[in-house]
Amino acid sequence: MTRLLAVAESPWVWEARPDVWLLVASLAVGYWWSVTRLLPTLPGRPDPPSRGMRARYVAGVVVLWVAVDWPMDRLGDDYLFSAHMAQFVLVTMVAAPLLVSGVPTWLQVELVRPAARVVRFLGRGPVALGLFQVVLVATHLPSVVALYTSNSLVHFSLHALWVLSGCLFWLPILGSEPVVRPLRPPLKIVYLIGATIVPTVPAGFLTWTETAFYDSYATAPRVWGISAVTDLQLAGVIMKIGGGTILWLFILGFFVSWASAERQSTN
């Protein structure tokens, strides 16, 4: 995690990340325990998660693991801001929706029970969208990035914030009652279109920058011959094209589903 260590070693020198392994193991074991031990004790015996739900949850855990473990995290911490941006997109735009859609409603209820009212408020469309946009912008400010690359506690906290804000962002469209009040299909489309607007500002700024304004990445050892300015430009492309493509795929999917339902209701 330190710049001196980064200079002395290649990013491809393997390093153990027991904190990441513990997180992944906790997510996997917690899900297994909930389905096999908790579920039979619940009133009404809710249905277990479907095979598709389980597959999505496992995929979400795997994507999260890839995003925060070596070598991606090492590259994102000490070498390339573009790798750091790829981590953000993987955590918030890939892992988060997979995890949310992979957790059945009864388990969501149990998970948020201690703070159900808070989650229901934060999971309201405008609130969840606003919070996510604030996190996106704030965690990529130069001063915050400088702390991220030099302070282990800030580094861990920002990863946790990405996961939490990402899951909250997807709750209004992938969650269900009584955890949150999900948006109606047309509003889901509006919500996701709204989510594409704010990122275009920092993404455009990064894509066309001619200055390596993140000091910690400007002074980092170069990887694959990528210059510091090109690194930032790649980060902008990842934010705009990578994150934007995922959002527009969801928009298209919801539009097709909504149009099909409307067609059937009129027949």
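**Exercise 1. Proline peptide bonds**

Task: State where Pro-71 lies, and determine which peptide bond next to this residue is cis.

Solution. Pro-71 is placed in the loop between helix 3 and helix 4 (72-78). The structure is a predicted model. The bond to examine runs from Trp-70 to Pro-71, and its omega is near 5°, which is the cis form.

Pro-178 is located in the loop between helix 10 (152-174) and helix 11 (185-197).

**Exercise 2. Positive phi values**

Task: For Arg-45 and Trp-224, give the value of phi and the loop that holds each residue.

Solution. Begin with Arg-45. Its phi is near 45°, a positive value in a residue that is not glycine. Arg-45 belongs to the loop between helix 2 and helix 3. The relative accessibility of Arg-45 is 55%, and because exposed means over 50%, Arg-45 counts as exposed.

Continue with Trp-224. Here phi is near 60°, again positive in a residue other than glycine. Trp-224 sits in the loop between helix 13 and helix 14. With 61% relative accessibility, Trp-224 counts as exposed.

**Exercise 3. Aromatic pairs**

Task: Classify the ring pair of Trp-12 and Trp-224 from its geometry, and identify the parts of the chain that the pair ties together.

Solution. A pair of aromatic rings is described by the distance of the centres and the angle of the planes. The whole structure holds 16 aromatic pairs. For Trp-12 and Trp-224, the ring centres are 5.5 Å apart and the planes stand at 40°. Planes under 30 degrees apart would count as stacked and those over 60 as edge-to-face; the pair of Trp-12 and Trp-224 is therefore tilted.

Next, locate the two residues. Trp-12 lies in the loop between helix 1 (3-8) and helix 2 (18-38), and Trp-224 in the loop between helix 13 (215-218) and helix 14 (228-266), so the pair ties together parts that are 212 residues apart in sequence. As to accessibility, Trp-12 is partly exposed at 41%, whereas Trp-224 is exposed at 61%.

Phe-205 is exposed, its relative accessible area being 54%, while Phe-213 is partly exposed at 23%.

Finally, ring pairs link Phe-88, Phe-132, Tyr-148, Trp-162, Phe-169, Trp-170, Tyr-191, Phe-250 and Phe-254 into a cluster.

**Exercise 4. Helix 3 and helix 5**

Task: Determine the relative direction of helix 3 and helix 5, and describe the composition of their contact.

Solution. Two packed helices are described by the angle between their axes and the distance between the axes. The axes of helix 3 (residues 51-68) and helix 5 (residues 81-102) come within 7 Å and cross at roughly 160°. Because angles over 145 degrees count as roughly antiparallel, helix 3 is roughly antiparallel to helix 5. The crossing of helix 3 past helix 5 is left-handed.

Helix 3 contributes residues including Met-53, Arg-56, Tyr-57 and Leu-64, and helix 5 contributes residues including Gln-87, Leu-90, Val-94 and Leu-98. By class, the contact of helix 3 with helix 5 comprises 14 nonpolar, four polar and one charged residues.

**Exercise 5. Helix 10 and helix 11**

Task: Repeat the analysis for helix 10 and helix 11.

Solution. The two helices pack at about 155°, with their axes 10 Å apart. Helix 10 and helix 11 are therefore roughly antiparallel to each other, and their crossing is left-handed. On the side of helix 10, the contact is formed by Leu-168, Phe-169, Trp-170, Pro-172 and Ile-173; on the side of helix 11, by Lys-188, Tyr-191, Leu-192 and Ala-195. The contact of helix 10 with helix 11 contains eight nonpolar, no polar and one charged residues.

**Exercise 6. Helix 5 and helix 14**

Task: Are helix 5 and helix 14 roughly parallel or roughly antiparallel?

Solution. The axes of helix 5 and helix 14 come within 7 Å and cross at roughly 15°. Angles under 35 degrees count as roughly parallel, and helix 5 and helix 14 are therefore roughly parallel to each other. Helix 5 passes helix 14 in a right-handed crossing. Among the contact residues are Phe-81, Met-85 and Val-89 of helix 5 and Asp-231, Ile-238 and Phe-250 of helix 14. The contact of helix 5 with helix 14 divides into 15 nonpolar, three polar and one charged residues.

Definitions and conventions:
Residues are numbered from 1 along each chain as its sequence is written. This is a predicted model: local features need pLDDT of at least 70, side-chain atom pairs count only at pLDDT 80 or more; totals for chains, interfaces and linings use all residues. Side-chain values use heavy atoms; hydrogens and water are left out. Axes are lines fitted to C-alpha atoms, for helices over the stretch in contact, and angles run from 0 to 180 degrees between N-to-C directions. Helices (H or I, at least four residues) and strands (E, at least two) are DSSP runs, numbered from the N terminus. Angles under 35 degrees count as roughly parallel, over 145 as roughly antiparallel, 65 to 115 as roughly perpendicular and the rest as oblique. A crossing is left-handed if the near helix is turned anticlockwise from the far one by less than a right angle, and right-handed if clockwise. Contact means heavy atoms within 4.5 Å. Ala, Val, Leu, Ile, Met, Phe, Trp, Tyr, Cys and Pro count as nonpolar, Asp, Glu, Lys and Arg as charged, and the others, Gly among them, as polar. Rings of Phe, Tyr and Trp (its six-membered ring) pair if their centres lie within 6.5 Å; planes under 30 degrees apart count as stacked, over 60 as edge-to-face and the rest as tilted. Buried means under 20% relative accessible area, exposed over 50%, partly exposed in between (1.4 Å probe, protein chains only).
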